[in-house]
Amino acid sequence: MKTKELVDPNALYREQLSELGAMLQWARQQQGQSLEVMAEKTLIRPSLLTAIEQGDLDGLPEPVYIRGLLRRYGDALQLDGETLASQFFTPPRIQRTSWKETPAAQLRPLHLYGAYFVLLVAAISGLSYVLRQTAPEVTVLPPLNPLEGVEGPANPGPNNTPAPAAAEPEDPKAPIKVKMTLTAQSWLRITSDGKTEFEGILQPGDTRLWTADQALTVRAGNAGAVMVSYNDKQAEALGQPGMVREITYSPIETISLAW
């Protein structure tokens, strides 16, 4: 008998949609645009725009159509709609087949499988030991709410979008110094020693420097567009284009989490 196991994508869909929707809502409010105005620009019903911003998966069509809505909404807000849409994806379907129905199980004596099993366990144990000795320790961090701790303007208007926080002066005594240069548009959140220093969208060519004493956490919506230099080392991309990634720098080690 064949057994099939399907990965329920709803939890992953909601997490991705919640983060992307919050990002779009933040950008719309910063630009002082109402849902009705955006509905006219995008030709998307206000109820669907509300469902996107609130991460209401049940109020939206199939995931393949949601990507089109995200792309159109992001472009209307002068964001990179294609990059936003690429962060909402469909997980693959996993199908598992019982080993008893494989051709090898029907042709080989049963006692041979006991020997194969022992060899397989030994190989996996040896590989696990090697990986534990060489791989860095990775700590999984919970996803952050893009709007947590951020207050919007009291009277939003089209011309009152706050400018990105200015780069802090370089402090030679700070044990953590992270310099960033943007090659494309990306949403960023910077947390220094537990305090949110910046949250917003930076444009290509923008350069910022942040320092910290204990830990500095960077969360980017388009990791491939963020070139990072940690403590004056050679700059490297934070991740792949269109990838949401969070990384924490400390004086001893770096902890990262990617989606």
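Student: Why are α2 and α3 called roughly perpendicular to each other?

Tutor: Angles from 65 to 115 degrees count as roughly perpendicular, under 35 as roughly parallel, over 145 as roughly antiparallel and the rest as oblique. The axes of α2 and helix α3 (residues 46-54) cross at roughly 110° and come within 9 Å. Therefore α2 and α3 are roughly perpendicular. Axes here are lines fitted to C-alpha atoms, for helices over the stretch in contact, and angles run from 0 to 180 degrees between N-to-C directions.

Student: What should I know about the model itself?

Tutor: It is predicted: local features need pLDDT of at least 70, side-chain atom pairs count only at pLDDT 80 or more, and totals for chains, interfaces and linings use all residues. Residues are numbered from 1 along each chain as its sequence is written, and side-chain values use heavy atoms, leaving out hydrogens and water.

Student: Which residues of α2 and α3 meet?

Tutor: Contact means heavy atoms within 4.5 Å. From α2 come Leu35, Met38, Ala39 and Thr42; from α3 come Pro46, Leu49, Thr50 and Glu53. By class, that contact has five nonpolar, two polar and one charged residues. Nonpolar covers Ala, Val, Leu, Ile, Met, Phe, Trp, Tyr, Cys and Pro; charged covers Asp, Glu, Lys and Arg; the others, Gly among them, are polar.

Student: How many aromatic pairs does a search of the whole structure find?

Tutor: Two. Rings of Phe, Tyr and Trp (its six-membered ring) pair if their centres lie within 6.5 Å; planes under 30 degrees apart are stacked, over 60 edge-to-face, the rest tilted.

Student: What makes the pair of Phe198 and Trp210 tilted?

Tutor: The planes of Phe198 and Trp210 stand at 35° and the centres are 5.9 Å apart, so the pair is tilted. Phe198 is in strand β3 (residues 195-202) and Trp210 in strand β4 (residues 207-212), so the pair ties together parts 12 residues apart in sequence. Phe198 and Trp210 are both buried (under 20% relative accessible area; exposed is over 50%, partly exposed in between; 1.4 Å probe, protein chains only).

Student: And the pair of Tyr230 and Tyr249: what makes it tilted?

Tutor: Tyr230 and Tyr249 are 4.8 Å centre to centre, with 35° between the planes. Tyr230 lies in strand β6 (residues 226-230) and Tyr249 in strand β8 (residues 245-249), so this pair ties together parts 19 residues apart in sequence. Tyr230 and Tyr249 are buried.

Student: Why is β4 called largely enclosed by the rest of the structure?

Tutor: Because five of the six residues of β4 are buried.

Student: What puts β4 and β7 at the edges?

Tutor: The open sheet has four strands in the order β4-β1-β6-β7, with antiparallel pairing. β4 and β7 (236-237) each have a single partner strand, so one side of each is left without a neighbour in the sheet. Two strands pair if DSSP finds at least two bridges between them. Strand β1 (residues 176-182) and β4 have six bridges; β6 and β7 have two.
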